[in-house]
Structures are given as structure tokens and as C-alpha cells.
Amino acid sequence: MDGGKFFGAFRASSGITDAVVLNHVPVGCNWGAGIFKTTSNQFDMRHACTVMHEREIVFGGEDALREALIRADELYDTPLLLVIAGDAPSIIGDDVEAVVDSVTLDSEVMWMEAAGFKGSAMDGYEEALLCIAGLMKESETIQDSVNLIGFSPDDFKVDADVKEIRRLLSDAGVEVNTVISKCSLEEFRRAPAAELNVVLGQGTKLCEQMKKEFGLPYLKMDYPYGLDGTSHFVGAISDELGIGHEPEFDIEPFKRIYLYLHELYGTPVSVIGDFHAEAMANFLDGELGFNVEVLSGNEDDYFEFEEDVRNSNTTILFGSSFEQGIAETLDIPLIRFCYPVFDNVSVYDCAPYAGYRGAVCLTEAIINTVMSYGGMNK
Amino acid sequence: MQMSKQLQQAAHNGGSPLREIFRDRVFNGIHQGTTWQFHRYGINCKLSGSVYAVSEIEGAVPLIHGPAGCAFHQRLTPRKMYAPIYNLPCTNLDENDVIYGGEDKLRDKINEVYRKFHPQLIAVLPTCVSGLVGDDVPGVITELDLPCDVLHVPSEGFAHRSRESLDVLMRDFAESWKDPSRSPAYDLRGCGHEEVMFSIVDQLMEEQEIAENLVNIESFGRFTYGFRSELAEIKHIFGEMGVSVNLTLPTCTVDEIKRAPAAELNIVTRNLRWAERMKERFGNDYLRKWFFYFGLDGVEKFYHDCASKLDLNGVADGAIRIEKTQSLQELERYQKVFARDDFAVSTQGFFFTPYLARIYALDLKLPIKYLCVDMQLLKALNISEETIEVMEKNMQEAFDEWDLGFEVVTNPTLGEMSEIAKKVDHVLSDRITPPIYEKGGGVGVMDISATRYLLFRTGFSGIVEFGKYLTRELNTGKTHQNSREPIISRFDYDTIYYPMLDDDRCSASREMWSGMWGMKSVGCDDNGRR
């Protein structure tokens, strides 16, 4: 099930870590987008709402938006206010641009229209990044550096994954310039200093724009799950930059649990999620030897996915917290790896799922989950 | 004792009511606690309240009439964070539907949902988008010919209560503390739950022959800690009175809802509107469970009032008296232990505070020297300074009139709490404040934030269980825990909006929400203040 354009725009916008997101919506949309963001970062409160009420629906929400902008500018010490107009203002026809133009504030203000019914979460993510792309500035190129594009601040394991990817790239002699969208405004502005954009699943339109405006090439890569996935990821970037680094990994941790891996070989599993899902399926199939019976994307029909899983031999499910329902129905364990995860936290930034270390952590999580599940006692 | 056995059976996994409370606190509270905190920065959609209420009905499927994004996040309803609503079908309205209307999609989706789930009830929940487009949901439902019931619940997210409504209600509660007959007989505008309750009365219930001494109880579902054992006790006491419980609303089956009008009396725990509608349509009387039904005398009054409504005056008196007397006898043992020491109790200012204090002072007979009342929480709920002043004044007057004999300390600082702690043997806190008092190995405070839920029950045994628990803790010396330094006591907290961290962004977001929400109230100035 897809969150729609508003959610995508919110996730991309709130990834500018010193910006404040002003949602021009009724209370529920603001709550929904915020609640998933705060599971593993409970004091990162940088979003607010214009509280569109019946009065705004009847008379328009422009006054409320103006008032909210003025208040936000007074209350927050932020260089950037990002206004996201959702479904209701889109239908009633609020002139968001006119309101933004009518106020003079200390903070810079950018706005975007992101009615949920007008597109997918990925559309919202892409358009939000395009909207703020105008803030980027021509910068002196940093040799052998890349931007990583496609992250959101509420991705499960995002901090640990980024840290691991940075480590791996650093070993390859590659510097990470900016992580989008998980960076400060200044880092975002300086993104054109990179030599290469690496896009992971989403953010391609921004890359196109940066290529056009700054001549920055880009590389589309799968999310680096698993040993082979990581090697390919690091190798491809290294090749593109002309470094020619051949990454190495340590298979020793897997040796310690090789008998469990033997027993899990051929396990039928199903995977659902956003762009992370395919890369995860590749790891499970290609490296752990699982049999991926059903692979589904968020934009596919969710009930069809459920039906397919029911009709399969799936014994482990990989997805978001929302897949716990079908996992319970089928009495199988769920490994959470994809947004939204709201019933597990990930705060330790040295236990990634991405990269070589991530392959170990992920394998450990799978085995521990299976062994402690008590499936034979249910 | 028979009661104890019943409670044991009712409690989860064969444990005691106390264990049930702790289990609920851990397994529900770990999710629920965060939503309370997030209410500092916003509120959830009316739609989520409706999704929750429908999910309580066995055999019902909620159907969102709106864009996919609404169904995406409403699956995690704040009222039931521990159990998302996994099956939440949606009409997935897109731009085309916004222009041409979504009625055809709704018709098709209702049919599809029936084919897929074969539910007894489909509850159609419109969203902001379908509300704005003006889809005729009742019209679509009327045209359908399905072998299941289809319900329309007005759930558009932009139609919610204003900030001022809670402020006014809180003030009116305060005005009625000394004279419960002045209790406010009106409702706050619904937040989704009420809309479902009204719709099931209006559209689903069927005329029944009213059976004598049969009651319905409005539940607030498993959201309430200790719900199962409390319900068991209510049924037990009613049973001793010759009264049967027909069902709990809306936590029941679709068929049971249809037969709900067979009850002679509805026990209302939240809003009145649905009960008034039932009275209007089917003639069922109702009784609202007010704050003054807390405590041993309050519980006794509750059952007497029920008996009176059911024309059981005199008949049920004996049963109620026996239950209360048993509890009083058991409590005496614990009161002797409490009498040895002096206490300070830290509590929060809310509509139930005076009656909670009565339980501590009169039912448990805790020798309380200081009652420390934190009124700051009310500010976090956007209650005005004027209302807080009225509450403080009326609370003090009520305590004086009831001659509870303790000194009230409002919003004590850490230093003041430290001084108070030196003058008493034990400090109890019924909010999760001990961590801040433990900062730097400060004041030893016993946390009774979970066990206090035993005191709010519609039965006598909860207070007894609490007394037993407190006695055990006192005997093991667990009230003095000031030698440790828990991690959560090492953070800096906002002094007013605890447990919000002392963080500029959190403060700004809270103030932003408070101001913007305040603007939606009638009679506010430009700053959103009354």
C-alpha cells in the first residue's frame, strides 16, 4: 500500500535536518506523517501544521497558512521553512504561492503542492527534491566524492546504513559529500560539489536536474544489501570515478553459523516494500539461498500480495510493520526492513542492514528471529 | 472469596488484576505512551477514531472512502497502536475522482469488500477528500443490495472539536466538584468513536422487546488498562444485584449490536449522544459514569443509581452492601500499616483529581501531609490560565469541605519536593515523575502511575488490590529508591511540559501546535488566547 504523494514529499522534506516542515493540511495528515518519523527519533520535532478546520474548508486556508508561516518564523531558529500543501488545500484552491510571496520572513520559504490523490509517495519524494533543488549552488568539485540520493530520515536503520556505506566508500577512497535526504541545508546546497550522484531507488529527477544544471553525472544503483550487492555497489562507484578499487569482505562471521545457513537454504520467503524490496530479495535469493516466492512493491495491489503469499509456501516474511497482520495469520515470523517500521526501533548506528556489516547483522537477525519464534510450539 | 476467584479467571494468563494492569501498561503502554506525548504537537484524525471503533466490532470491516494515503497511515490508529488495523480497504481516490466524483468507485469497492471478506458489516468512512468532493455516501449505500449491513459514519478529518471545548468542559467539571448535580450534561464534539456509536444506533440497531434488568455497557475497549478484570467485577456485582450485562458497546458482534435495544439501561462511559439517540429511537434509559462514581462511596452510589434506574431500589441494596463491607474489612488490615507513617502524594490536576485524593485520604486512609498537584499538564492540553485558576480554587474548597487534612502544594519545584520528602516517610507519585525526582540521586519517590488504574474501576476490589500492593511495597522498603540514577533521569526536561525534553525544536513545535489549534476556537484573540 502506498502512502501517496503527500507522504513522499514529507519524507523528502523532513530529511533536511535543520529545516522545518509546515504541513498545510487538516490535523490527521500531519499526525500520520509525523508518527512514523518519530519511532526511532522521538525528539526530532520539526514539523507543524496549519490545522485546516471546517472554517478553512469553507472560507479558504490562506489566512491560516499566513499566520502559521509568521508564527513558525518567530518560533523556530531555522534557515528554511518547507510548506507542503496536501489534499484539502489542493481541492479548495488555496493560492499557496501568493501567501508565501505575501510574507517577509527571516527564514527562507519553499513550497510544494503534494495532494495525496495526485500521485505516489515516490512522486512526492521526487517532486519535493526538485522543488528545493533551486537552493543548490555551484561549488568547487571535490575529487572522488559522491552524493547518495534516495534516503529518508525515517527509513529503518538509516543512520547505521549510511554510516556503513560511508565506511565502505571511504575504504575505496571515495568521499560522501551529501546524503539526500538526510543532510543539513548547507550540505544540500553544497551537493553540486560531488563528482558523481549515486541514486538509490528514488531521486532520479533530482539527478537529471543536477546533470542539466551542474553537469553532474549519476549512477542508478540497487540498495547495497548482502556481500555481492555491496561489492557491486562499491565496485561500480569506484569504477565510475576511475579509482578501480576492489572491495574485500570477511566471510568468517558466516562460517560460525554455517550449519544454520544450511538448514535455511531453500527457505520459501516473500518480500514487500518500496525500492529496497528488490535488493533485499536479491540478497535473500542470491546469497542466503532462499526461495523468494512473492516479491511485491508498495504501489502494487496489497490484497493481491496477501493472496499470493497465502497461496505460497512462505515461511518468513520481509516487509514493514504493517505486514505483521498477515505474518500472524500465517503464523510466520516477520523481518522488518522497510518503511514504515513503528514496532521496532533502530538507534544503534553500528548495526546496519546495508553493506558487508549489514549482511552479517541481517543474517543474524533472520536466524535469531527464526530460532526464538517458537514456531514448533504454536 | 468468590470475587477474587472470578477476577483471577478474568485476568489475562491466569494472573491477578494487578498483573493485568502491569501487562497492559507494558504491552499497550509502550505504544500508547508515545501517542500521548505526540499530542503535544498535534492530534490524530477523526477518521482514525472511527477506524478504531469499527475495528472493535467483530464481523465488521472499515472501508476508507478516500485516497490511498489515508488508508496507508490510518491503519495505525492511535487508540490501538499495539494492534494496527491490517485489513483496511480503500477506494483509492485519484485526481480523476476528485473531478468527476468517487461514487462509482465506492459502489464497486463495497461490492469487492463483500466478495473478499464476507463481513456482516461494512462501515464506510469518508475522508476529507470525499467530503469535499461531495460524494453522496448514504445515497450509494441505499442503492446497494448486499447480504450484509453497510454503515455510513461521518468521519471527515477536518470536522473536529476546537481547543476551547476541552477548556470549557474542564471548567464545568471544576464547578461541579462540590455539587455533582451540576455535572456538565453535554458532549465534546466527537473524535471518530462517537460518530461510530451514533451511526450504529441510528442505522444498525433493531427494535427489540426490552428485557428487565438488562444493561449495555459502553466500553472504551482494550485501550483501558485492566479492562478485562474490571468488566468481570462489574458483571459479578450486577449479577449479585439480579442484573445481567447484555453486551459491551462497541466491543461485540454485529448481531449483538442489533439486539442492543433489548437492554433496559445503557451505561455511558464517554459521550451521551448515542445513548440519547437510543432513548429516542428505542426507549432505553441511560446512566453516565461520572467522576463522582470513583471511590468506595462513589462505586456504591453508582450501583445504587443503576438499581434506581432499573426499579431495583431496596432489592439490590443488600448485594451492594455485602460487596462494599467485604472490601472495607480487607482494607482495614492495610490501613493499619499505612497509619504508621506520613505520606506525600504527587498527582496531576485533572477533572478527577479531587475524587482521586478522596480515595487516598478516605478509602485507603493514607496519612497524607502534602498533596502535590501538578497543574502544568493542563497547559499542555491547551487549558487556559483562567480555567486552571478556577480548578485550583475549587479543588482547595472541596478538600476543605471534605476535611481531608493535607496541605496542597501546587506545581512544586524539585527543591520543594526535596524539602517535602524530608518531612514525610514516603512520597508516592501517580504520574511517571520519579525519574525527574531521582535526578542526581534526589528525592525517593514510589511510582504508582500504573497501579493507580486500580483506583478508577467501577468496583470495590481495585482499591483493595491497590491497598494490598502498597502494603507489600512498604513492607519491602521499596518506596526509598533514591540511590540509583536511571538513564531517563539524566536528561533535561521541559519544566512545564514534562516529559517533553528541554529542546528548542520540541518547544517551538509544541507552541506552534498550541497556537494554531487555539486559533480554531471561538472567542480567541489573534494569538489564539481566550
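This is a predicted model: local features need pLDDT of at least 70, side-chain atom pairs count only at pLDDT 80 or more; totals for chains, interfaces and linings use all residues.
Biologist: What is the strand order of the open sheet in chain B, and which strands form its edges?

Modeller: The sheet has 3 strands with parallel pairing, in the order β1-β2-β3 of chain B. From one strand to the next, the twist averages 25°. The strands that pair on one side only are the edges, namely β1 (60-65) and β3 (149-152) of chain B.

Biologist: How many bridges join β1(B) to β2(B), and which residue is the bridge partner of Val61(B)?

Modeller: Strand β2 of chain B, residues 121-126, runs parallel to β1(B), and 6 bridges join the two. In β2(B), the partner of Val61(B) is Ile122(B).

Biologist: Which helix of chain B touches β1, β2 and β3?

Modeller: Helix α4 (residues 46-55) of chain B lies across β1 and β2 of that chain, at about 175° to β2(B). Another helix packs on the sheet with its direction at about 155° to that of β1(B), and touches β1, β2 and β3 of chain B. The helix asked for is α7, residues 103-117 of chain B.

Biologist: What order do the strands of the open sheet in chain A follow?

Modeller: Pairing in this sheet of 4 strands is parallel. Its edge strands are β2 (47-49) and β4 (108-113) of chain A, and the twist averages 20° from one strand to the next. The order is β2-β1-β3-β4.

Biologist: Which residue of β2(A) is the bridge partner of Asn23(A)?

Modeller: Strand β1 of chain A, residues 20-24, pairs with β2(A) in the parallel sense over 3 bridges. The partner of Asn23(A) in β2(A) is Cys49(A).

Biologist: At what angle to β3(A) does helix α4 of chain A run?

Modeller: Helix α4 of chain A spans residues 62-75 and lies across β1, β3 (80-85) and β4 of chain A. Relative to β3(A), the helix runs at about 155°.

Biologist: How much area do chain B and chain A bury between them?

Modeller: The contact takes 57 residues from chain B and 56 residues from chain A. Of the area that chain B buries against chain A, 16% is supplied by Phe72(B), Tyr86(B) and Met512(B), more than by any other three residues. Carbon and sulfur atoms account for 71% of the total buried between the chains, which is about 4,900 Å².

Biologist: Which residue of chain A forms a salt bridge with Arg505(B)?

Modeller: There are 2 salt bridges across the interface of chain B and chain A. In the one formed by Arg505(B), the closest N and O atoms are 3.4 Å apart, and the partner is Asp44(A).

Biologist: Is Gln376(B) buried or exposed?

Modeller: Gln376(B) is found in helix α18 (residues 376-380) of chain B. Beyond residues up to four places away in sequence, Gln376(B) touches Asn411(B), Thr495(B) and Ile496(B). Because its relative accessibility is 15%, under the 20% limit, Gln376(B) counts as buried.

Conventions: Residues are numbered from 1 along each chain as its sequence is written. Chains are lettered from A and ligands numbered from 1 in the order in which they are written. Side-chain values use heavy atoms; hydrogens and water are left out. Two strands pair if DSSP finds at least two bridges between them. Axes are lines fitted to C-alpha atoms, for helices over the stretch in contact, and angles run from 0 to 180 degrees between N-to-C directions. Contact means heavy atoms within 4.5 Å. Buried area is the accessible area (1.4 Å probe) that two parts lose on being put together, summed over both. A salt bridge is a side-chain nitrogen of Lys or Arg within 4 Å of a carboxyl oxygen of Asp or Glu. Buried means under 20% relative accessible area, exposed over 50%, partly exposed in between (1.4 Å probe, protein chains only).
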